[in-house]
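Reader: I would like to learn how to read sheets, helix faces and domain contacts from coordinates. Could we go through them one at a time?

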Amino acid sequence: MVLLKNLIVIGQGAPNQLKDGRQSVCVCACKLDSKELIRIYPVPIGWLRKWDIFDAEVEKNPRDHRENTWKIKNSKQDWKKIYKWIDRKEEKYPDKNKEGLIKSIGFSVLSDLIDNKKSFGIIKPKIENFELEQKNKSTSKQLTLNFGDEQDLDEPFTIINQKDYKFKPYVAYKCAGNCKCKKKVHRQSISEWGCYEFMRKNPGKEEQLKDNLRLFDPEWNVYLLVGNIHKAPQTYIIIDILRFKKKEFKK
Ligand SMILES: [Zn+2]
């Protein structure tokens, strides 16, 4: 068992269903002292939000050998009592420090992440394209979970697995820096939860995601948090699009 302290949530993917039916998210957190990026998976929905500060008691997952990858202690038995192992702080990470934190983690190019078997990295991209790929006829909302009051949530969530959405968003980009990948343009899916929430709440307006994500907006700095996937550790997807309004454009 390991106690990880002073973690900041940098990103989390949209929910997925585990084989045993549990709904979970994958959390990417930054250790404030070492600036290492770590994966905690699975985590029950609604426990952690982006920029939350927390401590967690974790253990190795014997079936997942990706770098810096942990599961919450006893998570299966304590799935509904996960507060035993996650200590979320009252305060969130301050807005004014967020972009500085991302910069202090440092930027990577995709070939370095692959060569060093990194679980995560932050890439400064040159965005080439945004696409919505249609996966289903419509978004199916068969799962509605209304959590009891043991979960500290503002509203009940309608939970839809990523694979049940009508569209899946993709970004094509080149890395800023010396990327040694043969293909210089990387096309990766976005798993950012906020994108899926937007698509759930705004059916028919999915195209607006392109603007919401500020991918082509000169007033914003955009960084991609990418992470590798379990079944194919050399394949990376976009966990979160970190976007910060440039100082000169702030009111
Ligand atoms: Zn690259």
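Reader: In which sense do strand 12 and strand 13 pair, and over how many bridges?

Author: First, the basis: this is a predicted model, in which local features need pLDDT of at least 70 and side-chain atom pairs count only at pLDDT 80 or more, while totals for chains, interfaces and linings use all residues. Residues are numbered from 1 along each chain as its sequence is written. Strands (E, at least two residues) and helices (H or I, at least four residues) are DSSP runs numbered from the N terminus, and two strands pair if DSSP finds at least two bridges between them. Here strand 12 and strand 13 pair in the antiparallel sense over four bridges, and Val171 has Gln188 in strand 13 as its bridge partner.

Reader: What lies across strand 8, strand 14 and strand 15?

Author: For such angles, axes are lines fitted to C-alpha atoms, for helices over the stretch in contact, and the values run from 0 to 180 degrees between N-to-C directions; contact between two residues requires their C-beta atoms, placed from the backbone, to lie within 7 Å. Helix 1 lies across these strands, running at about 135 degrees to strand 15. The strands form an open, antiparallel sheet in the order 8-14-15, where nine bridges join strand 14 (residues 220-228) to strand 15, and Tyr223 is bridged to Leu242 of strand 15.

Reader: Why do the buried residues of helix 3 line one face of the helix?

Author: A residue is called buried if 20 or more other C-beta atoms, placed from the backbone, lie within 10 Å of its own. In helix 3 (residues 193-201) these are Trp193, Cys195, Tyr196 and Met199. Seen down the helix axis, they fall within an arc of 160 degrees (taken over the directions from the axis to the C-beta atoms), so they line one face. Their cover includes strand 1, strand 3, strand 12 (167-175) and helix 4 (209-212).

Reader: How many residues does each domain give to the contact?

Author: The bounds, which come from an automatic or database domain assignment, are 2-99 for domain 1 and 105-249 for domain 2. Domain 1 gives 25 residues and domain 2 gives 27, and strand 3 supplies the largest share of the domain 1 side, four residues.

Definitions and conventions: A residue is buried if 20 or more other C-beta atoms lie within 10 Å of its own, exposed if 12 or fewer, and partly exposed in between; C-beta atoms are placed from the backbone.
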